[in-house]
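Subject: Structure handover

Hello,

Here is the structure for your files. Please open it alongside this note.

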Amino acid sequence: MATHEPLILIVEDELPIRKFLRATLTAHGYRVDEASTAKDALIRAGMQPPAAVILDLGLPDADGLSVLRELRSWTTIPVIVLSARGQEADKVAALDAGADDYLTKPFGVGELTARIRVALRHATASSAAPQSVFAFGDVSIDLAARVVTRGGDDVRLTPTEYNLLAVLVKHAGKVLTHKQLLTEVWGPPHAQDVQYLRVYMQQLRHKLEDDPAQPRWLLTESGVGYRLKDI
Amino acid sequence: MTARRPDPDALLQQAQAAEAQSRRGRLKIFFGAAPGVGKTFAMLTAGRTLAARGVDVVVGIVETHGRSETESLLLGLEILPRRASEYRGATLNELDVDAAIARKPDVLLVDELAHTNAPGSRHEKRWQDVRTLLEAGINVYSTLNVQHIESLNDVVAQVSGVRVQETVPDSVIEEADEVELVDLPPDALLERLRQGKVYVPEMAQRAIQSFFKKGNLSALRELALRRTAEWVDAQVDVLKREQGATHVWGASERVLVAIGPAPTSATLLRSAKRLSVALRADLIAIYIEAPSDARMSVSDRQRLLDHLRLAESLGAETLTIKAAPGRRVGDEIIDFARQRNVSKILVGKPSPRTPLERLRSSPVDRLIRTSGEIDIFVVRGEGDDNVANSTRLPLLASLQSQAGPAQYLRALAVVAAFHAVAYLFHHPPDLATEAMIALLGIVLAAAWCGRGPSLIAAVVSVAAFNYLFTEPRFTFRMHSLSDTVTVSVMFVVGLLVGSLTATIREQSIAARERERRTGALYAMTRELAAARNHDEILEVAGRHLRDTFRWGVAILLAEGGRLEAASGDPAALTLTEASMGVAKWCLDHTKACGRGTTILPSSGVLCLPLLGGSGKVGVLACDIGTDDPSPTAMRLLETFAQQAALALERAGLIEESEEARIRADAERLRNALLSSVSHDLRTPLAAIAGSASTLREAGAGLGDDTRRELLDSIVDEAERLNRLIANLLFATRLESGAVEPVREWCSIEELIGSALHRVRNRLDGRRVDTRIPDDLPLVRVDAAMIEQLLINLFENAARHTPPATSVGVAAWRADGHLIVGVEDEGPGLAPGEERTIFNRFVRGDRGSLSGSGLGLAICDGIVRAHAGRIWAENRHPRGAIFRFSLPIETQPDVPQPDEESLHGNP
């Protein structure tokens, strides 16, 4: 990287959105590059590789998903997709195709910077040594020791519950689709058995949340997947 | 001498000018008293005059009969080729109606209006051809002799002794726009006859001699003059009426004529017609069907049908009425007359009566006694000999009509059997016993076999009795006077009892038949009332018509001038192209036609128009086989057709009104949506634009708090706008059916949790109590939709309750459903709001601040899409509770937690 401030590439055809994203990101200390078409985006990403990409799924000249696939053919830089509500299927498709996270328009600035922060952290963390101990609320998870405590007491989890929690912890702050979770915990043959997730997530919440019906950490992204809230 | 009112040429010019608006052609009749007066000559002369003036005149058909003076008039006129048809080896040439319509001249000359067409022609009579031409907008000149007018037919026969077979209905002459009398004094006519200048068709030489007598010709001339005068008179009256003259004949009179199968009815009808013309009254012809008419002979039935047709051709309103059981025909006539305000009734003079009949009062006597203020005209019947024979021997007629040989054999078998029994009882001899047994045989023969067989049974029985039982036995002689008396009494009693029994039998048969028809009609009417759409009606009508009449039937629906075979009736008759043509004619002219009628009688089907209250619905086509239907069957068929037509029309109206209602609903909703959306979109937009411009214009001069407030307002209003648009889009998609739930297994606890997470800010710190058991089953739903549903319910609670209250969420299972309830502590629902609150654009009167009224409607739509139910009610002591249910399906396979390997420290 040439400078300290990470470079964010904004791929968005609407000028007002680009304007406000540039203002926000610059204010938060990022450098910003902009592209308004799919073709332009790929050229710019190739010429000056960014630290992360904010990609609108609806572009005038091509599907945002095809830009994502093109990028994924040569780089693992974090990609955060933008889409409208009601397009859950598009989001899932983008996430399964390698997008790191998504934002639903309209979104607040807080949400945006949190997503970028998480994405950049995971991008750098994957190259560094994995974090061994993770904590949220009064719960702490020692991945190396495979120990989970709550308020200092051991929490007894079944192996499947632990595996599920471990996957969420590894991607803390990021959304994980049903398919990603199911493949990772139960294996590819169970990629469609969403009921497994429902049952085990509920059990995890009952063991780890104060009020399982109003969870603070193990969050549901309806129609998309789950997210372990980052601290 | 010509009787004419306005100048005919002027009339013609008017006609041509008005042709565009009144498309019907005008008919001019050259009217004469006898053949040879020069009608054809006059017509051709008139035609030539017009042609010379440039009018497009074409000769349709003119018979010159080789008269050179007539032929010379044809020179220079365009003559339409005739249509040749083969009939019994001879070639007959007829007027080609289709060619005439295709040629469409201004004026067509058609000779001999009363002519009968060759079999297989389009119409039976030429006057029907002419009517078609007139309807096609062609002006027609035609010729007619006085003896061919229907209502004068019998008067002419009386005067001249020659009955003419070819007649033209009076209505045709009445419809004529002009009648020109072609007159020739009898002496001049006789002179022409002597010179061989008169062609007289279809009459024997003797008839011609008796016809062309000076006395006859004078009488005919007088008739023709009088008829023309009547016509002119009627025209004057019409004119007066049209011009609003005050002179109108008094209360419009109605003449009723009662007709039946008796041959005298034809005369009666014509008399009635003359009377009604003289009185300028409406004519109603009525046939009262008595129960005993069920045993009417074939020839009587045919005659009755002829009379009904004659009545129609005379322009009478023609009706058939069934006498109620046990009521006299005379009473039915009087009742009907009173009902219709009839002033004069014509009946036939009763036929010569037997001494027995003289003891009872005749129907006419009774009619006169009960008629009250109504005038009764008893008219002499006049019949020719062969017809009189059949009326004089009613017994014979009924013998033929009722019983076949099998019936007679059965009757004889019964007689034989009872005599065998009587023979067994003949030891010791007791004539009274045997006579009783034999009588029983006659009675049973009458009851089982009918009138004729009972008569034969009586005769044979008495003969056999005489042969078998009276002394000396096995001879036809009798010794003692008492035996003779016994046998005679037995004969008379046998005849009377047999006849009475047979009458009862006939009446019960007639009653059954009537019952069957009424029942059939009732059954169809009832089913038609229950049928909801065209297809059902067609199926019901088709089935009932087939069951009742045992004919193949098809119902054709009129689709804007065209006829279409209806699809609703799978067993419908398939029509040939020719039959479709007949049906089309029926539709165009809204008249019954085809087999069994006078129009297109040689076609394969009988067609009846289906007329609803406001127009043509279609055509009913029946394959009636070879026999003409009886008048009763025709009337019943017409009633069926009318019922079917009304039902079809009703179905059409219902469909139309339903469509109109849906359109109006959609229109109303669209308007409500537009007004709601424009208001709800503009409010946040105005706030955003106002706040933003304030910040731009006076940014530096504002205090920090004010700036903060304006910025918050922009963000809040933008969020509100976003929610509104999301709801609108969702509602639109739900409405258009574009949203098919993407179902997957979900945990309701999880959905409630994520919904609460998303509305947390909107709840403004209200406490949320959740009561969700651990062991709830999963539901297969669209997660995003159910989340949206819960969000809408929470937002609704937040919107309608004070900030410091709490919101409760509970879920439980009941009756195979998962129930979720969202409770608030607000003011609750107004009475009656429980259901309407789920309608679009309804906002509760609960201090609503915002919201388009779409939120709960969307909830309703989402729940419906999931085969669930949503409802609202008030809580005790305050607040509202919204509940919805989702069906619980068979739970999916989930690996059970392996408890023994609980993970703690490994």
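Below is what was found in it.

The model is predicted, so local features need pLDDT of at least 70 and side-chain atom pairs count only at pLDDT 80 or more, while totals for chains, interfaces and linings use all residues. Residues are numbered from 1 along each chain as its sequence is written, and chains are lettered from A and ligands numbered from 1 in the order in which they are written.

Chain B overall. Chain B has 29 helices and 25 strands (DSSP runs numbered from the N terminus: H or I of at least four residues for helices, E of at least two for strands). Of its 906 residues, 38% are buried (20 or more other C-beta atoms within 10 Å of the residue's own, with C-beta atoms placed from the backbone). Among contacts in chain B with a separation of 6 or more, 71% join residues 24 or more positions apart (contact: C-beta atoms, placed from the backbone, within 7 Å).

The A–B contact. Chain A gives 31 residues and chain B gives 35. On the chain A side, α6 (159-170), α8 (194-208) and β11 (218-221) each supply two or more residues. α8(A) gives the most, with nine. That side of chain A divides into 13 nonpolar, ten polar and eight charged residues (nonpolar: Ala, Val, Leu, Ile, Met, Phe, Trp, Tyr, Cys and Pro; charged: Asp, Glu, Lys and Arg; polar: the others, Gly among them).

Regards

Conventions:
A residue is buried if 20 or more other C-beta atoms lie within 10 Å of its own, exposed if 12 or fewer, and partly exposed in between; C-beta atoms are placed from the backbone. Two residues are in contact if their C-beta atoms, placed from the backbone, lie within 7 Å.
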